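Please keep the structure open beside the text as you read.

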Protein chains: 2
Amino acid sequence: MAVEVATLMKKLAKDDSRRVVHALKVGLAITLVSLFYYFKPLYDGFGTSTMWAIVTVIVVFEFSVGGTLGRGLNRVMATFLAGALGFGAHYLASLGGEIGRPIMLGLFVFVLAGISTFTRFFPKMKARYDYGLLIFILTFCMVSLSGYRDDEIAKLAFSRILTILIGCFFTLVVSIFVKPVWAGTDLHHLVVAHIQSLAIFLQGFGVEYFGLSQEEEICKADMQKYKTILNSKSNEESLTNLARWEPRHGKFRYRHPWQQYLEIGSLNRECAYRLEVLNGYLKTNQFQMPSQQIHGELQEECMKICSESSSGLRELALALRKMVPPVTAKSHIEKAKIAVENLKKHLEEWRFEELNNAMEIVHVVSLASLLFDTICCIEKIVDSVQK
Amino acid sequence: MAVEVATLMKKLAKDDSRRVVHALKVGLAITLVSLFYYFKPLYDGFGTSTMWAIVTVIVVFEFSVGGTLGRGLNRVMATFLAGALGFGAHYLASLGGEIGRPIMLGLFVFVLAGISTFTRFFPKMKARYDYGLLIFILTFCMVSLSGYRDDEIAKLAFSRILTILIGCFFTLVVSIFVKPVWAGTDLHHLVVAHIQSLAIFLQGFGVEYFGLSQEEEICKADMQKYKTILNSKSNEESLTNLARWEPRHGKFRYRHPWQQYLEIGSLNRECAYRLEVLNGYLKTNQFQMPSQQIHGELQEECMKICSESSSGLRELALALRKMVPPVTAKSHIEKAKIAVENLKKHLEEWRFEELNNAMEIVHVVSLASLLFDTICCIEKIVDSVQK
C-alpha cells in the first residue's frame, strides 16, 4: 500500500514536476501571509484576520496563474458587491421592527440565493464566474443575517475586504513570480502536441500498414498518442477559460485569440476520429487483406499521402510552436492532394481482369477514401492555424 | 440585453426544469436553517453559529444528491480530522515557548499544506476527495494558527462541528426529500439516450444515403444527436463519481455497477466515431457517387444492415432503460451480420464488365467496410449491456 502510494507519487511528480513546485508554492504563500501578520500585528497578531487571509490563500491558489487570478478577482468582487447589498438589506430589514425584520431578511435571502443559484446554470457564467456567485450568496447571507449593529458591520466588512485583498496579493505574487504556470502556455503546448500526434500517427500508419521497415522506427506507443485528442474537449475548454484571465506573458498578449485554439482543437478532434477508424485497419482483418500485387500498385500513392500530410502537420506544429506563419505546410498538403488525385486516377484505370474479386480492393479503396477525408480535415487545420 | 437574458433563462428552465427547482431548494434550505436558529436560540440567536450553518448549506448544496452527499461527507470528515490534528499541532507548538512556537507552527502548516495540495493531484483523490482536502488544509490552518487557549479551541471546534452537522442535515433533507436529482439516474438515462441516438442515426442514414422516403420521416436534427456522444467522456465520468456517493434509490442499489456504465459509454463513443465518418458520406461528394444501378444492387443489404442494427440498438436501449435483459437485440445484430456477409459475397461475385471504373464502387465499398466496423462496435455494446 505504502509502496504503491510512493510509486504513484513519484510518477505524478515525474510526469509534471510543476505539481511538486505548486505544492511548495502553496506552503510558501501561507507561510508568507502568516509571517506578514506575525511581524506586523495590524490587529491582534495571530487573530481572526490572519485566519481570513490564510483562508483566502488556500481557497484562491490554483495550479495556473489564470485560475488563481480568476478566483481571486471573483472572490474580491463578489465579496465587495454582496457586502454592499447585504448591508443595504440589513438596513432595510431593521426598519421592519421586531416582527418584520426576520420575515424581510428571510425573503431577501431566499430570493437572492435562488437567483444566484439559478444564474450558476448559465453556461457562460458557470465557466467564468461560478466561484464568484457562490461567494456572493455566502457573503450576502453572512452580512445580512449577522446580528451586529450597522456600524459594527461596516467595520467588519472593511477588515474582511482588506484581509481578502492581502491574501489575494500574496497568492498572486507567489503564483506569478515563483515559477509561474500559465494556462495559456499550457493550452498552446497542448494544441501543438495534438497536431504532432496526428503527424506521428499518419507517418507510422503508412509504414505499418504496408509492412515496410524504416530506418527511424516509430514507437507504437507514440502512434497511439492521438487517442488523447479524442476526449480533449473539456480540458481545452477549461484551459481557454483560465487563459482568458491571464495578463500578457511571454509571446501571449492579454487578448490572445484563445477562441482560435478551441477551433483548431475541434478540427484536431475531427481528424482524430478519422484516425481512430484508420487505426482499426491496422488491427483487424475484417475484410480480406488485398493481395501483395494490389498493395504494390497503390502503395506508392498511399505512402505519399501519409508522408506528405504528416510532414505538413509537423511543419504546422513547428510553426505554431514558434508562432511564425507556416511556410511550407500548405505545399506539403498540396502534394498530398495531388497524390490523392493520382490514387483516384489509378483506381479509375484499374484493369479488372487482374482482380480475383472486388473484395480485394475494398480494403485499399476504403483506406483511400478515409485518407482523402483526413486530408480535407488537415487542410482545414492548416487554414485555421494560418489565421 | 435584458430580453436576451430573459430568453436564455427561459430556455435554461425549459431544457431542464429541475434547475429552477434546485434554485428554490437552495433558498428553502437556507431559510430552514435560519428559522431553526431563530426559533431555537442555541447560542445567541442570529449569531456566528447560524452563519456557519448557512455557509455549510450554501457550499455543500449541489445539483445532485450524490454531489451534496459527497461534499457534505467530505466537509464533515475533513473538519473533524483537521480539527484534531490542528489541536495536536497547537498543543505541541505551545511547548516550544515564545520563540519556538511560531517557527514550529509555520513548519507544521507548510508541510501539511504542501502534502495535501500535492495529494489533490492524485486522480482518484481529485475525483472524490478534492473538496475534503481543501477543507482539511483550511481547518488545520484555522485551528493550529488560532491565538486561542487550548480549552477555547476545544469549545470552538465542538460548536464548529455541530453547526456543520446541522447545516449538512438540513441540506441533505431538502436535497433527498424535495424532488431529488439522482446522479445515478441521470447517468442511466444519459447512456440509454446515447444508445438511442446511435440507433436513430443508423436508421436515418440508410434512408438518406439511398435517397429513399419513409412513411415516418426522421428529423435531421434527431440524427445529429449522436454528436453529443463524441465529447461525453468527462460528463459521464463526473456523474459516475457522484453516483458512487448515493444510497439505494429507485432500482439502483448502493453499489450499483457504475463502472459498467463507463465501459458502455466508451463503446458508445467508439461507435459514434464511426458514425461521424459515415455522416461525412451524406454531405460531401469526395468520391464519385456510384451509379444508380450499383446503388440498387447493394441497397438491399446496406439497408438491412442499417435497419437491423438500428432495431437491435433500440431494443437494447429499451431493455437497459427498464433494466431487463435484452431479448431480441442479439438476434437483430445476428441478422445484421448475415447482411454484412451477404454484402461481402455480393462484392466477391461482382461482374466487373458492368463497371465503368473502380471508382464507382469506392463509395459503396468503403461504406460497407465502415458499416461492418460499426456492427462490431455495436456487438460489443450489446455484450457489455448484457453483463
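Phe177(A) has a relative accessibility of 66%, and because exposed means over 50%, Phe177(A) counts as exposed in this predicted model. Phe177(A) lies in helix 7 of chain A. Phe177(A) also belongs to a nonpolar patch on the surface, together with Leu28(A), Leu32(A), Leu35(A), Phe169(A), Val173(A) and Val178(A). Where in chain A does the nonpolar patch come from? At least two of the patch residues are supplied by helix 2 (18-39), and at least two by helix 7 (150-177).

Now for a residue in chain B. Leu133(B) has a relative accessible area of 13%, and because buried means under 20%, Leu133(B) is buried. Leu133(B) sits in helix 6 of chain B, which covers residues 123-145. Once neighbours within four places in sequence are set aside, Leu133(B) is in contact with Ser116(B), Thr119(B), Arg120(B) and Met125(B).

| Residue | Relative accessible area | Class |
|---|---|---|
| Phe177(A) | 66% | exposed |
| Leu133(B) | 13% | buried |

Finally, the nonpolar cores. Which residues touch the most other members of the largest nonpolar core? They are Ile195(A) and Ile195(B), in a core of 88 residues. Another core, of 68 residues, lies apart from that one, and its members include Met51(A), Ala29(B), Ile166(B) and Phe170(B).

Methods
Residues numbered from 1 in each chain as written. Chains lettered and ligands numbered in written order. Predicted model: local features only at pLDDT ≥ 70, side-chain atom pairs only at ≥ 80, totals over all residues. Heavy atoms only, no water. Patch = residues over 30% accessible without salt bridge, like charges linked within 9 Å, V, L, I, M, F, W, Y side chains within 5 Å. Areas by Shrake-Rupley, 256 points an atom, 1.4 Å probe, with all protein chains shown as cover. Salt bridge = Lys/Arg side-chain N within 4 Å of Asp/Glu carboxyl O. Helix = DSSP H or I, 4+ residues; strand = E, 2+ residues; numbered from the N terminus. Buried < 20%, exposed > 50% of the residue type's maximum accessible area, 1.4 Å probe, protein only. Contact = heavy atoms within 4.5 Å. Core = buried A, V, L, I, M, F, W, Y, C linked by side-chain atoms within 4.5 Å.
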